[in-house]
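Student: I'd like to go through the charged side chains in this one. Can you take my questions as they come?

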Amino acid sequence: MYIKQVELSRFKSFGNTTVVPFLPGFTVISGPNGSGKSNILDALLFALGLSSSKGMRADRLPDLVNAGHAKRGRTAEASVAVAFALDDGQEWKVSRRLRVTDRGTYTSTYYSDDVPCTLSELHERLAALHVYPEGYNVVLQGDVTGIISMNPRERREIIDELAGVGEFDRKIAQAKDKLDEVKVGEERFRIVERELQQNLERLAADRVKAEKYRQVRQQLAGLDGWEAVLQHRQLDQRRQTVAVQLQECETAIAQGCRKQQELQEVVQAAEAYLLDLNRRARQLGEEEHVALSAAIAAQQAELRALQQRDRELGDAYRRNQERVTQLREEIEACGGELQAVAGQRETLGAALVAAEAERQGQMPVVERCREEVAAIAGRSAAWVKQQTEHYEAQRQIQEALARQQQEEARLTEAERQRSEQLAARQQELAAIETQIPGWENEYAQIKRAAEGAHNLAEIAQRTLGEGQLDVQTCRETIDRLVQEQRQKARQLDKLEAQVQAEKEIQGTRAAQIIQDVGIEGVHGLVAQLGRVAETDRLALETAAGGRLGNLVVDSDEVAAEAIALLKRERAGRATFLPLNKLRPSPALPPLDPKLGAIAYALDLAEFEPVYYNVFAFVFGNTLVFADLEAARPHISRYRMVTLDGELLETSGAITGGSLRERTSTLHFGAVEPPESQEARQLRERLQELDRMLGRLQQKLRSEQARVEKPKPSCAKPGKCKPRPNNSAIASKPSCRKCGPGAKPSRPAFSKTRPN
């Protein structure tokens with residue numbers, strides 16, 4: 001494969017479209033300075049995207065557009081097309097087009113066979129052809145000198161890059177790094193697996209306890225249900241009993257009502273009988289009237305007694321009504337609590353006592369009624385019948401009282417049995433309640449342990465993910481910074497190699513070697529031995545030219561010894577100024593004010609008197625003028641130099657123009673050339689990258705130590721005292737007594753160093 005041709009259109013010094021053909025083998029392009037030879041190489045770098053604008057000797061990409069075309073005030077465009085002749089006989093065309101608007105903005109587009117593509121796609125295609133952006137497919141100015149000054153290891157790297165071995169070395173290094181990462185990840189996952197297995201065993205034990213607690217809770221709930229069922233059955237039975245009792249009381253009340261009606265009928269009959277007796281008394285005589293009055297009085301007394309008894313029965317009826325109301329209220333209240341049953345029992349006892357007291361209170365009345373019935377029995381069959389019915393009513397009341405007493409005894413027995421059952425249930429309930437706090441504590445512990453394990457697992461998972469993300473971010477940042485560090489180091493090496501090559505060209509390296517050897521009689525460079533004002537520096541350095549790099553020595557013997565040293569060391573060439581052989585310069589004539597010159601160059605330099613002949617040889621009779629206009633009238637008469645750096649020789653030659661900053665130029669008062677701004681920026685950026693890499697690697701080590709810190713294994717589980725661990729993901733504390741096994745291991749970290 002070779003480059004077949006390069007087509008340049010409005011690129012740098014090429015104002016029109018120019019086609020440069022290349023032939024198989026070697027193609028040499030020659031021409032005078034400024035004819036555009038280097039621009040062809042810059043065009044290759046531009047089209048293939050192998051260098052930045054700095055590498056193509058331009059501050060910005062718009063500077064690559066031809067200056068004449070860019071000044072026309074419209075959109076300027078520059079393009080370069082490179083045609084490759086591939087080994088298979090086909091042709092591949094790569095082109096790049098740069099458009100610059102009148103506002104200063106620009107766009108750059110790559111084309112592969114006239115199809116737009118990205119820079120990464122273009123580099124992939126070039127990599128298949130063994131053309132790399134960081135390779136040595138293109139040798140620029142100073143690269144050969146830099147390669148010569150390299151050490152064997154750096155040269156070996158260049159040879160490996162050219163042979164394609166470097167790509168395999170990078171792939172091997174990447175594979176090794178990836179293998180190390182996989183091993184570290186495998187070890188970390190093993191640690192996590194062991195920890196999860198331990199957590200699983202602990203949670204299995206907690207699950208058994210939780211199931212046991214659930215069974216106990218179910219048993220307790222079943223017992224509570226049976227207790228409620230039994231209480232409901234007992235209260236239902238009691239309700240039925242009270243309902244039966246209420247029905248019996250209502251029956252007794254109904255019988256009392258009927259008896260009261262019967263007594264009222266008897267009273268009415270007695271009143272009618274009394275009226276009849278009064279009527280008969282009025283018909284009878286005085287004696288009969290007296291007897292009848294006595295009988296009437298007796299009958300009235302009996303009547304009053306019956307009325308009294310009627311009132312007493314009415315009172316008993318009202319009391320019975322009140323007792324029925326109380327019983328109904330007790331029936332409504334007995335659906336809730338057992339205390340209501342006890343209150344009802346007391347109420348029934350009071351009612352029974354009241355009924356017994358009523359019965360005892362009615363006994364005299366009954367006796368009087370019996371006497372009255374006996375007294376009246378002979379005179380009225382109806383009265384006897386009434387007494388018989390009254391006795392029958394009394395007997396029924398007594399039977400009702402007996403039944404109530406039996407019911408009271410039965411209720412008392414049932415209450416005693418219920419009390420015994422309640423006491424037994426209360427004892428069982430008390431025993432269960434004494435066990436409930438322990439069960440609740442055990443359940444709370446199990447629940448807290450489960451929640452702690454779950455929260456710990458979530459925290460561990462979240463912390464692990466964050467730590468892994470931080471580690472990955474740190475690694476990516478480190479890789480990016482290392483790549484940038486490598487690029488900056490390469491650029492700095494190129495600049496230093498260029499400086500070194502220019503030093504060799506200027507003779508500075510040979511002078512430095514002679515000064516380092518320490519040959520006696522060597523005073524130093526001319527630039528070291530003089531001082532000039534800052535305003536005159538450019539003019540005097542231009543006038544001195546390359547003589548600033550001449551070495552001043554005591555004698556020609558010292559110069560011969562130094563030359564022999566340079567030959568032995570193959571260190572280059574140098575010019576020597578022996579003080580014993582320099583001819584004394586004649587005194588300079590007085591300066592004519594009409595010339596308009598500032599002064600002689602020799603008069604503007606400061607040096608020791610012993611070096612007068614040296615600086616007289618360097619400057620001669622050169623005159624210093626303010627500008628070119630002041631010096632032009634005296635061309636060919638004097639050697640002149642201006643403050644802006646224009647040099648006018650006595651031969652009539654004039655040297656001037658824009659000055660480019662050259663890092664290899666010697667200056668008065670300094671041996672080493674000043675470092676260029678680009679080199680200073682690269683060096684500062686490298687220092688900043690070193691600091692950033694140090695911080696990131698320290699952070700990466702801390703994150704790896706935090707994420708990959710293994711859990712300590714305890715030699716005596718359950719017996720040793722736990723010690724809190726600072727690790728964010730450790731779910732088991734480290735042990736104070738188990739020795740080295742409890743210390744976490746830190747994974748090894750290898751610092752990536754730039755080539």
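Student: Is Glu420 buried or exposed, or partly exposed?
Tutor: Glu420 counts as partly exposed, at 47% relative accessibility. Buried means under 20% relative accessible area, exposed over 50%, and partly exposed in between (1.4 Å probe, protein chains only). This is a predicted model, where local features need pLDDT of at least 70, side-chain atom pairs count only at pLDDT 80 or more, and totals for chains, interfaces and linings use all residues. Residues are numbered from 1 along each chain as its sequence is written, and side-chain values use heavy atoms, with hydrogens and water left out.

Student: Which side chain does Glu420 meet in a salt bridge?
Tutor: That of Arg416, at 2.6 Å, N to O. A salt bridge here is a side-chain nitrogen of Lys or Arg within 4 Å of a carboxyl oxygen of Asp or Glu. Arg416 is also partly exposed, at 38% relative accessibility.

Student: How far apart are Glu420 and Arg416 in helix α9?
Tutor: They are 4 residues apart, so about one helical turn separates them. Helices (H or I, at least four residues) and strands (E, at least two) are DSSP runs, numbered from the N terminus.

Student: How many salt bridges are there by this rule?
Tutor: The count comes to 14.

Student: Which parts of the chain does the Glu91 and Lys4 pair link?
Tutor: The two side chains form a salt bridge of 3.4 Å, N to O. Glu91 is in strand β4 (residues 91–100) and Lys4 in strand β1 (residues 2–11), so the pair links distant parts of the chain, 87 residues apart. Glu91 is partly exposed at 46%, and Lys4 is partly exposed at 39%.

Student: What about Arg639, buried or exposed?
Tutor: Arg639 counts as buried, at 19% relative accessibility. The side chain of Arg639 meets that of Glu649 in a salt bridge of 3.2 Å, N to O. Glu649 is partly exposed, at 24%.

Student: Which residues are linked with Glu77 in a network of salt bridges?
Tutor: Arg97 and Arg99.

Student: Change of topic. Which residues gather in the patch of negative charge on the surface?
Tutor: Asp177, Asp180, Glu476 and Asp479. Helices α6 (165–283) and α9 (381–506) each give two or more residues to the patch. Patch residues have over 30% relative accessible area and no salt bridge, with like charges joined within 9 Å. Asp and Glu count as negative.

Student: Where does Asp177 lie?
Tutor: Asp177 lies in helix α6, and is partly exposed with a relative accessible area of 43%.

Note on methods:
Patch = residues over 30% accessible without salt bridge, like charges linked within 9 Å, V, L, I, M, F, W, Y side chains within 5 Å. Areas by Shrake-Rupley, 256 points an atom, 1.4 Å probe, with all protein chains shown as cover. Charge placed at Lys NZ, Arg CZ, Asp CG, Glu CD.
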